6 protein chains.
Amino acid sequence: MVYMSDEFLDQLIKEDVPYLDLTTSVLGIGGQAGKITFTSREETVLSGIEEVVRIFAKLGIKVQHYLPSGTRVAPQTLLIAAEGSAAGLHMAWKVCLNLVEYCSGIATRTRRLVDEARAVNPEISIVATRKSFPGTKQLSIKSILAGGAFPHRLGLSETVLIFKQHVNFLGGFEALPALLEQVRIETREKKIIVEVEDEDQARLMARSGIDGIQFDKWKPDELARMIEAIRGIDPRITLIAAGGINEGNAALYALTGVDALATSWVYFGKPADVAVQITPLFN
Amino acid sequence: MVYMSDEFLDQLIKEDVPYLDLTTSVLGIGGQAGKITFTSREETVLSGIEEVVRIFAKLGIKVQHYLPSGTRVAPQTLLIAAEGSAAGLHMAWKVCLNLVEYCSGIATRTRRLVDEARAVNPEISIVATRKSFPGTKQLSIKSILAGGAFPHRLGLSETVLIFKQHVNFLGGFEALPALLEQVRIETREKKIIVEVEDEDQARLMARSGIDGIQFDKWKPDELARMIEAIRGIDPRITLIAAGGINEGNAALYALTGVDALATSWVYFGKPADVAVQITPLFN
Amino acid sequence: MVYMSDEFLDQLIKEDVPYLDLTTSVLGIGGQAGKITFTSREETVLSGIEEVVRIFAKLGIKVQHYLPSGTRVAPQTLLIAAEGSAAGLHMAWKVCLNLVEYCSGIATRTRRLVDEARAVNPEISIVATRKSFPGTKQLSIKSILAGGAFPHRLGLSETVLIFKQHVNFLGGFEALPALLEQVRIETREKKIIVEVEDEDQARLMARSGIDGIQFDKWKPDELARMIEAIRGIDPRITLIAAGGINEGNAALYALTGVDALATSWVYFGKPADVAVQITPLFN
Amino acid sequence: MVYMSDEFLDQLIKEDVPYLDLTTSVLGIGGQAGKITFTSREETVLSGIEEVVRIFAKLGIKVQHYLPSGTRVAPQTLLIAAEGSAAGLHMAWKVCLNLVEYCSGIATRTRRLVDEARAVNPEISIVATRKSFPGTKQLSIKSILAGGAFPHRLGLSETVLIFKQHVNFLGGFEALPALLEQVRIETREKKIIVEVEDEDQARLMARSGIDGIQFDKWKPDELARMIEAIRGIDPRITLIAAGGINEGNAALYALTGVDALATSWVYFGKPADVAVQITPLFN
Amino acid sequence: MVYMSDEFLDQLIKEDVPYLDLTTSVLGIGGQAGKITFTSREETVLSGIEEVVRIFAKLGIKVQHYLPSGTRVAPQTLLIAAEGSAAGLHMAWKVCLNLVEYCSGIATRTRRLVDEARAVNPEISIVATRKSFPGTKQLSIKSILAGGAFPHRLGLSETVLIFKQHVNFLGGFEALPALLEQVRIETREKKIIVEVEDEDQARLMARSGIDGIQFDKWKPDELARMIEAIRGIDPRITLIAAGGINEGNAALYALTGVDALATSWVYFGKPADVAVQITPLFN
Amino acid sequence: MVYMSDEFLDQLIKEDVPYLDLTTSVLGIGGQAGKITFTSREETVLSGIEEVVRIFAKLGIKVQHYLPSGTRVAPQTLLIAAEGSAAGLHMAWKVCLNLVEYCSGIATRTRRLVDEARAVNPEISIVATRKSFPGTKQLSIKSILAGGAFPHRLGLSETVLIFKQHVNFLGGFEALPALLEQVRIETREKKIIVEVEDEDQARLMARSGIDGIQFDKWKPDELARMIEAIRGIDPRITLIAAGGINEGNAALYALTGVDALATSWVYFGKPADVAVQITPLFN
């Protein structure tokens with residue numbers, strides 16, 4: 001359950017219909033009563049549905065049926081059915097279709113990646129990165145949750161994840177272990193995680209008492225060997241694979257023994273394909 | 001030139017850094033001076049660059065070099081170089097990278113599609129549809145412009161485009177020609193465009209004096225025959241192909257004789273791949 | 001149907017009542033139940049009514065009767081009747097009265113101008129310009145629609161209208177025809193319209209294949225002669241009169257043979273005169 | 001000095017240019033350097049100028065000359081001169097012109113009304129009511145200040161002004177004097193003002209120790225007699241004439257002996273007439 | 001009745017729950033039905049209650065019982081009882097508790113101060129200053145009203161209160177009386193109030209015809225003598241004590257003979273102590 | 001470094017000065033040049049300073065001197081010195097003073113509490129809870145950082161903290177250990193923390209492999225015994241004391257052996273006391 005503000009939903013409407021719907025107006029059909037249906041054209045995990053329901057309400061459209069976000073549907077499934085004025089239905093049409101298609105696209109890819117990974121490693125955690133399209137974080141996070149993943153980190157303010165870009169200011173990786181104690185004093189409630197680039201860095205950090213290590217763009221077989229070595233040093237460390245993880249290789253990475261896969265792949269790709277029909281209610 | 005408000009850019013920053021950058025804070029490196037560079041990893045048409053420059057300024061980062069949106073760059077090209085505090089650089093890093101990568105991804109796909117189509121039909125118009133990710137219209141429109149396309153329609157308020165979903169309320173396509181005169185009285189400054197589904201509808205509309213016809217998901221060869229027939233009826237009509245047009249088939253559609261290709265494909269796909277480096281300025 | 005966001009309506013309320021209603025508070029009458037009525041004092045075409053209904057709902061006021069925007073009413077017509085707490089009614093009073101009076105003022109002037117022009121030329125299009133009071137575009141557009149006109153252009157982003165201020169950068173009108181082909185390639189779905197200042201410019205553009213010509217501040221008789229000449233050159237061109245068109249001269253301009261009148265006059269002038277009564281419900 | 005937020009100014013820009021300036025884009029002139037001038041076409045009291053200067057800065061336009069809001073100018077006076085890219089100048093043109101014309105229209109009417117009234121009664125206060133176009137209060141208040149008036153009341157939250165609509169809940173005017181003592185306890189820092197409809201009410205209130213009496217739509221001669229009577233009862237009461245006061249009758253009302261004139265007339269009427277020229281900087 | 005916008009309430013929700021409620025999500029309890037109760041732990045004057053009711057509605061929580069803001073309750077009083085999903089209840093919990101506790105803290109302190117002062121001087125006015133926590137003015141003003149006070153001034157735009165910081169630009173207090181006549185011309189509807197620092201200034205202003213005098217941080221006994229002297233000069237002047245007034249000394253100041261006490265003390269201090277219980281509805 | 005948006009700072013200005021500064025306007029002093037200084041009246045840890053600097057810039061005020069947030073100053077220290085127009089200085093005065101005083105109040109209390117605790121336990125972490133005044137989170141978080149603490153959790157979206165209010169939906173504490181494994185799968189990157197009420201719960205959770213335990217409102221001596229027992233069960237668990245921790249008892253709690261103190265006390269209490277002087281620049 002991700003709460004979205006009325007202001008945000010209103011902005012989505014106004015983005016597509018800043019003022020009138022000119023076509024519906026000049027055709028003079030706005031006052032007729034009509035029905036709208038959304039139907040899946042392919043296997044889809046739904047997202048964005050509750051936002052469509054709220055946008056419908058704002059435009060005077062009454063919902064008779066809907067399947068909640070997170071539902072996995074077969075092709076040709078009726079997702080939403082609602083009634084309203086032709087004016088309202090045409091104003092709602094495209095913004096709502098875009099919402100469902102983009103959000104469900106993310107949810108469906110997430111679900112597929114989660115299923116691939118969990119099939120070979122049921123205890124693996126799948127987390128989605130911060131690399132969502134700027135301006136879409138609410139919709140993106142809702143959608144990865146609908147698909148069965150959780151956020152890796154929502155932003156910079158609540159987690160500690162040390163990258164090379166930080167280490168550059170410390171004078172190199174070697175300086176990091178000595179610094180960890182001070183970091184820990186400030187953030188005892190958080191896991192301190194570091195991204196490493198090679199085996200030496202990984203071993204150094206494993207011996208330092210770090211809480212987690214992230215491996216970016218490692219090959220699965222090399223990563224598997226590395227994970228085994230790290231477990232030997234400190235079995236308690238959270239180990240995360242990141243960088244280039246997608247539906248096709250998720251199982252391979254899940255088999256490396258890491259605790260979590262961090263993925264950006266779920267955010268981009270084709271929107272889900274959903275059919276919309278708008279028809280008059282009486283004729 | 002798409003003007004984006006300060007409020008919008010601030011929201012993008014806050015989406016990634018609602019409060020502090022915890023990692024930089026606990027490492028105690030925020031006060032150091034540093035340098036940031038963005039470098040292309042592949043052939044890219046740039047977009048979102050001016051927004052990065054403004055976000056940098058908001059975070060106290062001074063830009064020394066940047067290439068404007070719309071520039072086509074080879075791999076390994078320096079896109080932006082700037083200096084600021086480590087605190088500012090780390091706050092700006094990911095939101096700015098996401099901006100450039102998502103926007104340039106759209107611009108690059110647009111450029112490729114435009115080039116494919118124009119190579120075989122230099123006078124064809126390439127327009128991008130309303131099917132952008134909800135909440136991203138400013139960034140999406142900027143990016144398709146950077147890639148050499150124009151917007152098909154920005155929303156419902158200023159163009160007349162009649163779909164089956166409208167015609168359903170008129171009692172069928174046959175009723176449309178009689179209605180056109182009234183529509184024209186209200187919208188003499190606009191082209192009235194209708195989307196047709198089959199040859200009968202196309203011929204009916206061509207004879208009605210309509211200004212434009214849009215063909216959704218027609219096969220190129222069937223569309224080519226149709227276009228020729230329409231030109232025979234009324235050579236003045238604007239003819240638009242839409243539905244499933246992408247880099248791979250743009251040339252085929254451009255050869256059908258249509259005046260314009262309307263595409264949504266440019267909006268989705270992988271973000272461009274850009275390398276970021278953040279290093280201390282003095283050491 | 002112009003959708004206005006909750007945020008916008010809330011801002012209108014807060015503009016008049018940032019915190020409390022001090023007078024009602026210190027009189028201690030806020031908790032009493034009351035009734036509010038809006039009644040026309042003159043012949044009026046209504047606008048802004050739906051926004052009043054929504055503001056009433058936000059302040060706990062229940063509407064028992066209202067006439068929709070676009071209705072033409074005689075003097076002494078009951079427009080809205082509603083009940084709520086005295087606190088709510090007094091908070092709603094002035095912001096809602098201002099809404100109805102300003103919006104209906106625009107709608108009424110629009111209706112009168114449209115009727116004047118259509119009485120002598122039933123097929124003429126009446127369009128309202130971008131010259132609305134900054135910050136009021138939603139209310140202004142709603143109101144010209146309620147009065148029977150349509151927007152000329154909502155802004156700069158979706159139409160091509162070439163002014164002298166553009167031509168100055170092209171080296172003069174003579175350069176424009178050669179440029180048109182390139183412009184058309186980018187905007188095949190739009191009519192390309194140019195504003196001309198004299199007969200030479202008008203003839204030049206008429207021969208260039210332009211889609212529309214706008215005549216700013218021409219006298220009706222000179223314009224009539226010009227229109228006839230243009231029709232002889234290219235009967236297909238959309239011809240628009242603009243500049244100083246008002247209720248008093250709309251018929252004269254409509255008789256010149258132009259296709260459309262573009263007017264700013266509807267936006268300014270006296271608000272409609274509406275009487276408000278607030279009375280206790282029980283006494 | 002009325003401070004307007006960046007968000008507000010950005011909204012004004014976006015209202016007119018939500019995305020690109022299509023005409024300037026397709027003409028390919030946006031990159032040229034140009035100059036813009038605003039010149040008065042009639043005697044005008046300026047307002048909205050500082051907002052234009054800020055909008056210009058947002059669009060990369062450098063101001064070389066401007067006259068501040070409040071300045072009274074003769075026809076053909078250069079108000080603003082600035083330089084920027086043709087893209088920026090065309091984006092700024094109409095929103096800035098509308099700002100200056102609407103705001104200066106209000107300022108000019110205000111100045112004329114103030115001058116009429118002060119010519120016969122130099123100590124009279126001219127205040128503008130809450131009846132501004134919803135959504136324009138910042139611009140409207142700035143403009144009446146520029147014209148030499150002050151706000152009557154900015155909203156409901158900080159002043160006590162008792163109307164018949166309040167009195168209806170008290171059981172009639174007769175109940176008001178007894179209530180005043182309690183009202184005064186809560187609002188000792190404010191003047192308590194009441195609007196009266198007839199002579200009986202006026203006398204009743206004058207004897208009650210009220211701080212001010214407002215007379216709505218009284219005829220000047222009847223009002224003058226009434227004022228004299230009230231002064232005889234309590235010379236300390238602030239007396240305000242309201243309702244239908246305009247440039248034409250302001251002097252008559254000023255001569256009645258009231259302390260203040262409250263007017264809504266200044267808010268509506270024609271915008272000021274300002275000429276804009278945009279020309280290339282080099283040619 | 002202070003109206004708060006939906007946007008404002010949504011911002012409060014998002015401040016605490018920007019995306020999901022992670023704990024409730026990972027525990028998998030969000031779909032269960034539950035009940036929430038708010039119960040006072042101490043004598044409290046309530047505020048913020050109506051906002052909680054609206055936030056509950058936004059999160060799908062149905063209210064069965066609530067006591068309105070302004071109610072004075074004993075310890076162990078049930079303030080609010082409501083039912084909803086565990087997901088909704090946990091999202092609402094802390095933001096609503098914070099609202100009620102901070103707002104009621106202000107209301108309770110206000111009530112206590114008002115009661116102390118009115119016990120010894122029933123006609124004294126208690127007003128709260130502008131010194132509320134930036135960003136909380138709506139909540140703060142609602143709360144002082146709930147506690148029985150009124151706002152001193154809501155901001156700078158509607159009252160005239162002259163401080164030393166103004167007088168510094170006039171060349172000293174001696175210059176003020178001569179200026180008053182001009183000030184009065186512009187603001188006849190307002191009381192003109194000045195803050196004085198010593199007896200000389202007070203006497204000077206009392207003789208000047210000023211409407212009100214504010215005494216900042218005077219000791220009660222010195223103030224009492226001063227008030228008596230001023231009343232002797234002009235009994236009509238509004239006299240206000242400000243600076244350091246709190247529950248402990250309010251009675252002393254109320255006995256000095258001033259008309260009003262202006263206090264900032266009510267804004268800070270401990271939030272009220274309210275117990276929240278969330279339990280499953282069926283088990 | 002907490003970045004605050006321009007919109008947020010503009011809202012703070014408008015909260016205090018929605019339109020004009022009436023007093024400065026009617027006194028006619030706005031155009032004079034002046035100087036403003038902020039000076040501490042007591043030992044203070046500064047916060048909110050950078051926001052004052054930005055607000056000054058928005059109002060045309062040039063800063064000549066300022067001490068950054070986080071600085072600890074003695075009484076009578078010059079914090080900020082700046083110059084601008086009297087109009088700008090008076091608009092900025094109170095909103096900026098309120099900012100510095102409220103923010104520095106939080107920072108100062110935080111610093112004192114941190115110092116008390118660290119004096120006896122240098123490795124203890126001090127974290128501030130979510131219990132800030134609704135609407136002030138940005139300012140509050142900035143201020144606790146300035147005072148040397150870190151946020152406990154910024155909201156519900158990124159941390160796992162299980163309260164009794166959650167456990168109620170699980171059928172009691174006994175059910176929690178069995179559930180932990182599933183929770184861990186979804187949130188391997190986070191520490192899972194639970195708040196316990198008594199010794200049995202604490203022991204149960206300590207044996208369950210939980211990452212952290214929070215103790216709410218335990219007495220220091222009982223807590224010390226409990227901590228020792230928990231360390232014996234699992235020395236790796238993060239142990240947090242919360243509830244009623246303040247400057248007076250922080251050392252006692254720090255001596256119990258917990259890893260962190262979570263406090264809300266820092267958020268409420270008196271604002272810091274800062275003197276402002278505004279004087280003419282030339283006289």
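How far apart do the C-alpha centres of domain 1 of chain A and domain 2 of chain A lie? In this predicted model, the two centres lie 37 Å apart.

## Two domains in chain A

The domain assignment divides chain A into domain 1, made up of residues 6–106 + 270–280, and domain 2, residues 113–267. Where these domains meet, nine residues of domain 1 of chain A and ten residues of domain 2 of chain A take part in the contact. On the side of domain 1 of chain A that touches domain 2 of chain A, five residues are nonpolar, four are polar and none is charged.

## The open sheet of chain D

Chain D holds an open sheet of seven strands with parallel pairing, in the order 7-6-12-11-10-9-8. Strand 7 (150–151) and strand 8 (160–162) of chain D each have a single partner strand, so they stand at the edges, and one side of each is left without a neighbour in the sheet.

Within the sheet, five bridges join strand 10 (residues 212–216) of chain D to strand 11 (residues 238–242) of chain D in the parallel sense. D:Asp216 stands opposite D:Ala242, a residue of strand 11 of chain D. Helix 8 (residues 199–207) of chain D packs on the sheet and touches strand 9 (192–196) and strand 10 of chain D. The direction of helix 8 of chain D makes about 165° with that of strand 9 of chain D.

## Helix 8 of chain C

In chain C, helix 8 (residues 199–206) has as its buried residues C:Gln201, C:Ala202, C:Met205 and C:Ala206. These residues lie on the same side of helix 8 of chain C because they cover an arc of only 130° around the axis. An α-helix has 3.6 residues a turn, so residues three or four places apart point the same way.

The cover over the buried residues of helix 8 of chain C includes strand 9 (192–196), strand 10 (212–216) and helix 9 (220–233) of chain C.

Notes
Residues numbered from 1 in each chain as written. Chains lettered and ligands numbered in written order. Predicted model: local features only at pLDDT ≥ 70, side-chain atom pairs only at ≥ 80, totals over all residues. Buried ≥ 20, exposed ≤ 12 C-beta atoms within 10 Å, placed from the backbone. Helix = DSSP H or I, 4+ residues; strand = E, 2+ residues; numbered from the N terminus. Arc of directions from axis to C-beta. Contact = placed C-beta atoms within 7 Å. Pairing = 2+ DSSP bridges. Axes fitted to C-alpha atoms, helices over the stretch in contact; angles between N-to-C directions. Domains from an automatic or database assignment. Nonpolar A, V, L, I, M, F, W, Y, C, P; charged D, E, K, R; others polar.
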